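Me: I would like to go through a structure feature by feature and learn how to read each one. Could we start once it is on display?

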Amino acid sequence: MDTYLLPAAMRELPPPWRDLTYRRSQALEALAPTEERREQARHVLRACLPERRQSVHDWDEELRDFYDDRDDHTLDEADAWLTRVMPTTFQVTRERVEQVVGVWADMGIPTVPESPTEQWVDRVAAEWAGSVRQALAYDAFAFIERATTAGLLNDAEAEDAALLAAAFVRVGMAVEAAVRVLVSLGRPLGEPALMELVRDDEVRAFRPYVRSRLLGLRRSVYEVRAREVTRDEEPLLPEGLQGLPYSWQNDFDWGATAPDSHSLARARAALEACLAVERAPDDTQLCSEAPADCNAIAEVVRALMPYPRLVTRERMNEAWRECQSLGFDFQGMDVASFAKLWCARIADRVAAAVFRWLADLPQGGEAAGDKELAVLSATALWAAELAERCARCGSAVEEAIWFLHRTDDVPGSRQALARLAFDPGRKRLVAVERQPQGGVGVPGSGTTVGRGEGEKEGDGSEAVTP
């Protein structure tokens, strides 16, 4: 007597849902999402939903690692045997899995024992059943998403789809497809469901992905807030930063700003203001400081306050509350510490942008005329002093040192570099210099100094790393 691996509800699915070959997806794409077929898709999901979290495809990870760099079709052939022997849901049995495992052993698959044990067959059988559930759920969610995008779901259908999608995320099955359905549902069903999921410990492993899709839905809310005037709001950055017209969306890049007396005065005021921003304690951390977490928090702060003039206490409080609603655990950090940390990080990024702009200005013989040369030479004097101060306090260190190297024909820059080289804290600065991140080589130093981790060449519009 056959030992079935799937529940009766899955074994009795109508066509094309019972088909486990590539033909199922092709047939579903050709079907119009009528009300009857939408109900059928939700029935498939209810049938496929396991009672508890299951591992999917763990059984062949070792095999995939073995064949990762090999140009042959052995792995595809091994996988094909599963649906060749079990092409429908009612044929998924332990006995047929054992037959496939025997074929694998005859094929000489290196991770399959010559004489597979009962425990080994049971493991493959359980995980193959889980893989079938996931594949069917994925197609069912894709079918529902197509109907949702077309605006075909009524309120009851949408509510049922949201509940099913959240349930699949919690058991870790067909997660991406389920989240896409919630995103397509939007408000008032999809977004609240995603909000609940990011705060649920059951989805810890998938939280970064769920949060990233939720941020996509929330972005329009942030953009509306960013367009509001800061009436009666308390600014958190010094006056020298509030008037900057450059956006965090472009990494505060000065672009082709001409080096006239006005822009140079603005650059000096901005650097002095950056140095006046209170530094956060060295042990201040955001959550686990995992890159995905830091990027997500930075996206919230940046979207709510894209310009320095928008960095206010009220908006920083909003960012704090928003991050908490997104499931971030700040490990004892309060809203005041959060604001202080982000003001310092924003100031660092502004300082870095100013030094990049100053370093790219014509230097020495590159200047066009005597008047321009005099202006730039005078600039190098105060800029060298501010670059040294930034390097010492840990603000925009790489860009500050790079500026000093670019202007090392000016005595002030050479002297600043010499003082930093013999400073007791020089080891920390050298360590920073010797971690290239795709920046510009420092002449004669054998090191690379440039953009921080996560940043890109160009306008920096895609960089979200704080």
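**Reading the chain**

Reply: Begin with burial: of the 466 residues in the chain, 48% are buried. This is a predicted model.

Me: What does the secondary structure of the chain come to?
Reply: The chain has 20 helices and two strands.

Me: Among contacts between residues at least 6 apart in sequence, what share joins residues at least 24 apart?
Reply: The share is 72%.

Me: What pLDDT does the chain average?
Reply: The average is 84, and 80% of the residues score at least 70.

Me: Where does the pLDDT stay under 50?
Reply: One such stretch is residues 365-369, for which the model has six contacts beyond four places in sequence. Another is residues 430-466, where pLDDT is below 50 and the model has 76 contacts beyond near neighbours in sequence.

Me: Which residue has a positive phi although it is not a glycine?
Reply: A174 is one of them, with phi of about 50°. Its place is the loop between helix 8 (155-171) and helix 9. F252 also has a positive phi, about 60°, and is not a glycine either. F252 is found in the loop between helix 12 (239-242) and helix 13 (261-276).

Me: Is A174 buried or exposed?
Reply: A174 has a relative accessible area of 4%, so it counts as buried. For F252 the relative accessible area is 2%, so F252 is buried as well.

Me: Now the cysteines. How many disulfides does the structure hold?
Reply: In general, a disulfide is a covalent bond between the sulfur atoms of two cysteines. This structure holds zero disulfides.

Me: Last, helix packing. At what angle do helix 18 and helix 19 pack?
Reply: Two packed helices are described by the angle between their axes and the distance between the axes. Here helix 18 (residues 397-406) and helix 19 (residues 411-421) pack at about 130°, and their axes are 8 Å apart. That angle makes helix 18 oblique to helix 19. An angle would have to be over 145 degrees to count as roughly antiparallel.

Me: Is the crossing of helix 18 and helix 19 left-handed or right-handed?
Reply: The crossing of these two helices is left-handed.

Me: Which residues in helix 18 and helix 19 meet?
Reply: From helix 18, I401, L404 and H405 take part; they meet S413, A416, L417 and L420 in helix 19.

Technical notes: Residues are numbered from 1 along each chain as its sequence is written. This is a predicted model: local features need pLDDT of at least 70, side-chain atom pairs count only at pLDDT 80 or more; totals for chains, interfaces and linings use all residues. Side-chain values use heavy atoms; hydrogens and water are left out. Helices (H or I, at least four residues) and strands (E, at least two) are DSSP runs, numbered from the N terminus. Buried means under 20% relative accessible area, exposed over 50%, partly exposed in between (1.4 Å probe, protein chains only). A disulfide is a pair of cysteine sulfur atoms within 2.5 Å. pLDDT is the predictor's confidence in each residue, from 0 to 100. Contact means heavy atoms within 4.5 Å. Axes are lines fitted to C-alpha atoms, for helices over the stretch in contact, and angles run from 0 to 180 degrees between N-to-C directions. Angles under 35 degrees count as roughly parallel, over 145 as roughly antiparallel, 65 to 115 as roughly perpendicular and the rest as oblique. A crossing is left-handed if the near helix is turned anticlockwise from the far one by less than a right angle, and right-handed if clockwise.
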